[in-house]
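Me: Here's the structure I want to go through. Can we take it piece by piece?

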Amino acid sequence: MITRFATLIVLLAALLGATTAQAQSADGTWLTQAGDARVKISKCGGGICGHIVWLREPYDTATGQPATDSKNPNPALAKRSMIGLPLFSSMQPSGSNKWSGQIYNADDGSTYASSVTVTGTDSLRVEGCVGALCGGETWTRSGH
């Protein structure tokens, strides 16, 4: 009888832990793996949106002016500020704690197929693919 009770307690604890893991949210501010930007993620329609809210180097070293999306091939977009720049588009739920859509890479001005997965309370896996080549990085939750 005691063994069954102990087994029941262990199973309940495991189920409660699984419920907690499923309830994790991507909402909040995240520090990129390189530590050079913070991205604010929030609910957006049925999915999520993310935009840059902080840069380690917010000014263009060549001009001394605020950093812009200078690598963007569209001249009108190349003048927009990096602070506030939207990174995610069409990010919709695609699994437990996972969203899929597109991510904009300001380093090269291109947009890639992407997925974002909450892998822990303070851990977010961001992945992108070009054809068969894929890569990713882990972002950490930021208090800012």
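Reply: Some terms to begin with. Buried means under 20% relative accessible area, exposed means over 50%, and partly exposed is in between (1.4 Å probe, protein chains only). This is a predicted model: local features need pLDDT of at least 70, side-chain atom pairs count only at pLDDT 80 or more, and totals for chains, interfaces and linings use all residues. Residues are numbered from 1 along each chain as its sequence is written, and side-chain values use heavy atoms, with hydrogens and water left out.

Me: What is the mean pLDDT of the protein chain?
Reply: The mean is 86, and 83% of the residues reach 70 or more. pLDDT is the predictor's confidence in each residue, from 0 to 100.

Me: Where does pLDDT stay under 50?
Reply: Over residues 1-22. The model has 3 contacts beyond four places in sequence for that stretch. Contact means heavy atoms within 4.5 Å.

Me: Cysteines next. How many disulfides does a search of the whole structure find?
Reply: The search finds 2. A disulfide is a pair of cysteine sulfur atoms within 2.5 Å. One joins Cys-44 to Cys-49, S to S 2.0 Å. Another joins Cys-129 to Cys-134, also with S to S 2.0 Å. With the bonded cysteines numbered in sequence order, the pairing is 1-2, 3-4.

Me: Is the disulfide of Cys-44 and Cys-49 left-handed or right-handed, and why?
Reply: The torsion about the S-S bond is about -45°, so the disulfide of Cys-44 and Cys-49 is left-handed. The link of Cys-129 and Cys-134 has 110° about its S-S bond and is right-handed.

Me: What about accessibility, say for Cys-49?
Reply: Cys-49 is partly exposed, at 24% relative accessible area.

Me: Switching to Asp-69. Buried or exposed?
Reply: Asp-69 is buried, because its relative accessibility is 0%. It is found in the loop between β3 (47-55) and β4 (88-95). Strands (E, at least two residues) and helices (H or I, at least four) are DSSP runs, numbered from the N terminus.

Me: Which side chain does Asp-69 make a polar contact with?
Reply: Tyr-104, at 2.6 Å. A polar contact is a pair of N or O atoms within 3.5 Å; within protein, one must be able to donate a hydrogen and the other to accept it, and residues adjacent in sequence count only if both atoms are side-chain atoms. Beyond four places in sequence, Asp-69 also touches residues including Leu-77, Arg-80 and Met-82.

Me: What sits over the ring of Tyr-104?
Reply: The charged end of Arg-80, 5.5 Å from the ring centre. That term needs NZ of Lys or CZ of Arg within 6 Å of the ring centre and within 35 degrees of the ring normal. Elsewhere, Arg-38 lies over the face of Trp-54, at 4.3 Å from the ring centre.

Me: And how many aromatic pairs?
Reply: The structure holds 1. The rings of Phe-88 and Trp-139 have centres 6.5 Å apart and planes at 15°, so the pair is stacked. Rings of Phe, Tyr and Trp (its six-membered ring) pair if their centres lie within 6.5 Å; planes under 30 degrees apart count as stacked, over 60 as edge-to-face and the rest as tilted.

Me: Where do Phe-88 and Trp-139 lie?
Reply: Phe-88 lies in strand β4 and Trp-139 in strand β8 (residues 133-142), so the pair ties together parts that are 51 residues apart in sequence. Both are buried.
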